[in-house]
Amino acid sequence: VKIVASLTGGTGVYHVGLIDYSIKSGAVDGTYIVPGTNILHVAEGQTGTVVVTATSRNNSTVTADINFTQKA
């Protein structure tokens, strides 16, 4: 699943290419962010909500949480 995000705060809007993604909670084994990308690999057995954190590379205090819920 491609995650599309933009961040605002600090000194302005942060470029999509300068955002790092990490899983904050809710992932089962096999659900992960493909390193260096905005791609969330979702395990076949994933249920519930996975919370992904987007963090600006320019200003690590600028973050946003993204909720992903697998459809049945």
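Predicted model: local features only at pLDDT ≥ 70, side-chain atom pairs only at ≥ 80, totals over all residues.
One of the salt bridges joins the side chains of D20 and R57, with a distance of 2.7 Å from N to O. The pair links distant parts of the chain, for D20 belongs to strand β3 (residues 19-25), whereas R57 sits in the loop between β6 (49-56) and β7 (63-69), 37 residues apart from its partner. As for solvent, D20 has a relative accessibility of 36% and counts as partly exposed, and R57, with a relative accessible area of 44%, is likewise partly exposed.

The other salt bridge is formed by K24 and D65, whose closest N and O atoms are 2.8 Å apart. Here too distant parts of the chain are linked, with K24 in strand β3 and D65 in strand β7, at a separation of 41 residues. K24 is exposed, its relative accessible area being 54%, because the limit for that class is over 50%; D65, at 42% relative accessibility, counts as partly exposed.

The strands named so far come together in a sheet. Three strands form this open sheet, in which the order is β3-β6-β7 and the pairing is antiparallel. Because β3 and β7 each have a single partner strand, they stand at the edges, and one side of each is left without a neighbour in the sheet. On average, and with direction ignored, neighbouring strands of the sheet are turned by 30 degrees against each other. Between β3 and β6 the antiparallel pairing runs over six bridges, and one of the residues involved is S25, whose bridge partner in β6 is V51.

Among the contacts with a separation of 6 or more, 48% are accounted for by residues 24 or more positions apart. Of the 72 residues of the protein, 31% count as buried, and the accessible surface comes to about 4600 Å², with 53% of that area belonging to carbon and sulfur atoms.

Conventions
Residues numbered from 1 in each chain as written. Heavy atoms only, no water. Buried < 20%, exposed > 50% of the residue type's maximum accessible area, 1.4 Å probe, protein only. Contact = heavy atoms within 4.5 Å. Areas by Shrake-Rupley, 256 points an atom, 1.4 Å probe, with all protein chains shown as cover. Salt bridge = Lys/Arg side-chain N within 4 Å of Asp/Glu carboxyl O. Helix = DSSP H or I, 4+ residues; strand = E, 2+ residues; numbered from the N terminus. Pairing = 2+ DSSP bridges. Axes fitted to C-alpha atoms, helices over the stretch in contact; angles between N-to-C directions.
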